[in-house]
Amino acid sequence: MPSLPTPADVPWTSIHTSTAASTVVANILASGALDEISNYSSEDGEESAIKSYLRSPSAGRAREGKLTRGIIFWVYPTGRHGPTETLEGGDSRRAAGTVLMHGLLVTVESGADLEQAERRIFEAVPENGIAHLHIRESRA
């Protein structure tokens, strides 16, 4: 029986918007199966939606600063109304009714360092367009 591929078998750890990636992400989001969180952070950085989520039961409860199971979720820019936005009146480049996608599909391996994951996720969220970020388990 063939084994499932591991992240080591996959040569990338992040991808950015392409037609194929957009289609896959749109289908994943349409399933309604992903938790969706904003990238909100307080001015002092002490409170953030990403930090709260990574430490929540939904993320598998952290132990010793590491995730106890792999997770997948969607992070969208604060103030952008979730992962998609339909333009009501259009703008100079797009017609009314155009659906814009924005945010980050995050996949995190069990054993990933929480602080490193939080920092990388926060830095990777695009304001416009979509992207994917994969965070490997911490070996340290």
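**Notebook: a predicted chain, element by element**

I began with the fold and noted three helices and six strands in the protein chain, where helices (H or I, at least four residues) and strands (E, at least two) are DSSP runs numbered from the N terminus. Read from the N terminus on, the elements follow the order β-α-β-α-β-β-β-α-β. I keep in mind that this is a predicted model, in which local features need pLDDT of at least 70, side-chain atom pairs count only at pLDDT 80 or more, and totals for chains, interfaces and linings use all residues. Residues are numbered from 1 along each chain as its sequence is written, and side-chain values use heavy atoms, with hydrogens and water left out.

**Burial**

I looked up how much of the protein chain is buried, and found that 36% of its 140 residues count as such; buried means under 20% relative accessible area, exposed over 50%, and partly exposed in between (1.4 Å probe, protein chains only).

**Aromatic pair**

I then searched for ring contacts, taking rings of Phe, Tyr and Trp (its six-membered ring) as paired if their centres lie within 6.5 Å, with planes under 30 degrees apart counted as stacked, over 60 as edge-to-face and the rest as tilted. The count comes to one aromatic pair. The ring centres of Tyr53 and Phe73 are 4.7 Å apart and the planes stand at 50 degrees, so I record the pair as tilted. Because Tyr53 lies in helix 2 and Phe73 in strand 3 (residues 71-76), the pair ties together parts that are 20 residues apart in sequence. Both Tyr53 and Phe73 are buried.

**Charges**

For salt bridges I required a side-chain nitrogen of Lys or Arg within 4 Å of a carboxyl oxygen of Asp or Glu, and by this rule the count is one. The partners are Arg139 and Glu137, whose closest N and O atoms are 3.5 Å apart. I noted that Arg139 is exposed at a relative accessible area of 74%, whereas Glu137 is partly exposed at 32%.

I also found a patch of negative charge on the surface, where Glu43, Asp44, Glu46 and Glu47 gather; for charges, a patch joins like-charged residues within 9 Å that have over 30% relative accessible area and no salt bridge. Of these, I placed Glu47 in the loop between strand 2 (35-38) and helix 2 (49-54).

**Strand residues and their C-alpha distances**

I checked Val106 in strand 5 (residues 99-108), which counts as buried at 0% relative accessibility.

Next I turned to Ile135 in strand 6 (residues 129-135), which is buried with a relative accessible area of 1%.

Last, I looked at Glu85 in strand 4 (residues 84-86), which counts as partly exposed at 22% relative accessibility. Glu85 and Met101 are 16 residues apart in sequence, and their C-alpha atoms are 6.6 Å apart in space.

Notes: Patches are made of residues with over 30% relative accessible area and no salt bridge: like charges are joined within 9 Å, nonpolar side chains (Val, Leu, Ile, Met, Phe, Trp, Tyr) within 5 Å. Accessible areas come from the Shrake-Rupley method with a 1.4 Å probe; for residues, only the protein chains shown count as cover. Lys and Arg count as positive and Asp and Glu as negative; His and the chain ends are not counted. The place of a charge is taken as NZ of Lys, CZ of Arg, CG of Asp or CD of Glu.
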